[in-house]
Amino acid sequence: MSSQRILNGRYELGELIGRGGMADVYKGTDTLLGRTIAVKVLRADLARDPQFQARFKREAQAVAALNHPSIVAIFDTGEYSVPGGPGEDVRVPYIVMEFVSGRTLRDMIKAKELGVEDSIGYTLGVLAALEYSHKAGIVHRDIKPANVMVCADTGDVKVMDFGIARAMADSAATMTQTQAVVGTAQYLSPEQARGETVDARSDLYSAGCLLYELLTSRPPFVGDSPVSVAYQHVRETPELPSSHNPDVTEALDSVLVKALQKSRTDRFQDAAAFRRALRAASNGIAVPALPASEAPTDPNDLVEEEDPATQLLSTTAVGFLDVDQFRDEPLVHEQLDQAHEDPLPLGLPPERERPAQQKSRRRAWVATLVIFTLLVLAGGGFWLYNLMNTKPAEPAQVEVPVVANMTESQAIQKLYSLKLVPKSVREPSNTVAKDVAIGTSPAAGSMVAQDGEVILKVSSGPSSVTIPTDIVGRTEANATDVLRKLGILGDINSVRTHSATVPMGQVINTAPAPGAPIGTTSTVELQISSGKVLMPQLIGLPQAEAEAALKVNGLTMTVVEQENSQVDPGVVTAQSEAFNSEVDQGKMVTVTVAKAPAPAPTPTPTPTPTDTQTPKPTPTPTKK
């Protein structure tokens, strides 16, 4: 990132101020408007994954339409290129946001700086932001202390990081998307933990967890693993906040009991209701308890309150009969009379004995009651049997859309929007450009179960290419770029080779040769000029041959003659560069050539004094 300090020719990046699981946040300056901004940049190692790109762009889309003082504003979005490998650039998206100078609620919780009033005030700010986003149809899905900033100068709350937000129309997205956990375990609503659909009430549950931690410096549930914490959200009841912080009132306890209900229907139904209850609790007014019909009852208490007739009928009918409709029947009174009468004395008058008609009617009532009970039990059993053996409903079917000729990112977004799970697979294609969708499996128009997996076929480029003939003479870097753009995925190796004519750093030849076809996964060798040649052996050659040998290697010659009586004139006796050494192209080589030695001078005789006198004539001898 250090090499890319200005984005879009406008946003100058400064220091790194935050780092998350998938993005880094930099403090920056908008050079056009002269204001301080924050720039959120997707990590380069994740930018290759179209699913991370889609999630990152979804954050900008989710917040772009939200304009609220308690939500961090989005100013702009864009992309920039970073080198991703030989001949390959990676497009990295970024989001330009409002810069908030302050600290997160997580930092303030760790510093233990929060009182009860501060905790209520910050939660009211969060609820105001949620009320606005919910009305706009956006569910945040990841409310937690680390995603709430408090401005240093005003103390206002700013909710941020809508990276996993969803439109309510798309709230069927559950806790997992392509096997990645969505949300944070300590603040998951029970329906998120169970993988069910989410709505605005899921955010309110998370806001309740946030308030709980602000008041007690600990989340409502803790565990050794995210799974154990999620299980507690589904099954366990949290301890009252007042058990951890004696400053928490019963009224505040009642608000959190309501906010952290397992069933969505038992919680606050919108953020406005949560805010009203929280303001009332700060004034000592508790949230009303659940109606008695919804609260669990103690069977022992019911037994103490019921009269004998009610106990008898409710026990006989096993809960399927309405007890009140039998209270005034003679059968009940007769049984009660029997229960309260004392034993009759002997010799009881005949008028005190029950007539046969009354006994017959009692037996009829008992038989009717038993038969009715058996019928109800049989009907219930038949209904339960059918319920247990009913085949589950067929999952909703979705038609696979046409994504051919879309970019990979556009195709993934299209499939996600229809609640399908794409899986990208690359394959070569001679007709579809690289990184463009070829099609899907199942094919477009097929019916697939909702949330089913669809194979997205993406072109990796042609299966074979032809090495261009004009690659000779290109620089090494330029030649590599040309081959990569052609679609060659294999290794491109460079070999340094001597050349008398090709300048240093330029391509002399390739293997396979230029003009030859090659598979995209094959290896290409670039022969790169080293800018040097090997010095030939000149000693012993005539001067003309030595000059020709140097010229073939692109070298020039300067001659120094030296008398040498041992070598024929015109023959090279020495060279300035050693044989087989590497010599720069065009270098001048000094060559020593033998020449005949000059002839020795004839000595001139020196005259003597006698030589200067007139010579005497030699006498001629006479014959005797």
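How do α3 and α5 run relative to each other? We come to that pair after a word on the model.

This is a predicted model, in which local features need pLDDT of at least 70, side-chain atom pairs count only at pLDDT 80 or more, and totals for chains, interfaces and linings use all residues. Residues are numbered from 1 along each chain as its sequence is written, and side-chain values use heavy atoms, with hydrogens and water left out.

The protein chain has 15 helices and 28 strands. Helices (H or I, at least four residues) and strands (E, at least two) are DSSP runs, numbered from the N terminus. Of its 624 residues, 38% are buried; buried means under 20% relative accessible area with a 1.4 Å probe, protein chains only. Residues 24 or more positions apart account for 65% of them.

Now the helix pair. The axes of α3 (residues 116-135) and α5 (residues 200-216) come within 10 Å and cross at roughly 165°. Axes are lines fitted to C-alpha atoms, for helices over the stretch in contact, and angles run from 0 to 180 degrees between N-to-C directions. α3 and α5 are therefore roughly antiparallel to each other, a label for angles over 145 degrees. The α3 side of the contact includes V116, Y122, V126 and L130. Among the α5 residues they meet as a group are A200, L204, L211 and L215.

Move on to an open sheet of three strands. Its order is β15-β18-β16, with mixed pairing. Two strands pair if DSSP finds at least two bridges between them. β15 (421-427) and β16 (437-441) stand at the edges, each with a single partner strand, so one side of each has no neighbour in the sheet. The twist averages 25° from one strand to the next. β16 and β18 (residues 453-459) run antiparallel and are joined by four bridges.

α13 lies across β15, β16 and β18, running at about 150° to β15. Within α13 (residues 408-417), E408, S409, A411, I412, L415 and Y416 are buried. Seen down the axis of α13, these buried residues fall within an arc of 160°, so they line one face of the helix. The arc is that of the directions from the helix axis to the C-beta atoms. After α13 comes K419, whose phi is positive, near 65°.

Definitions and conventions
Buried means under 20% relative accessible area, exposed over 50%, partly exposed in between (1.4 Å probe, protein chains only). Contact means heavy atoms within 4.5 Å. Angles under 35 degrees count as roughly parallel, over 145 as roughly antiparallel, 65 to 115 as roughly perpendicular and the rest as oblique.
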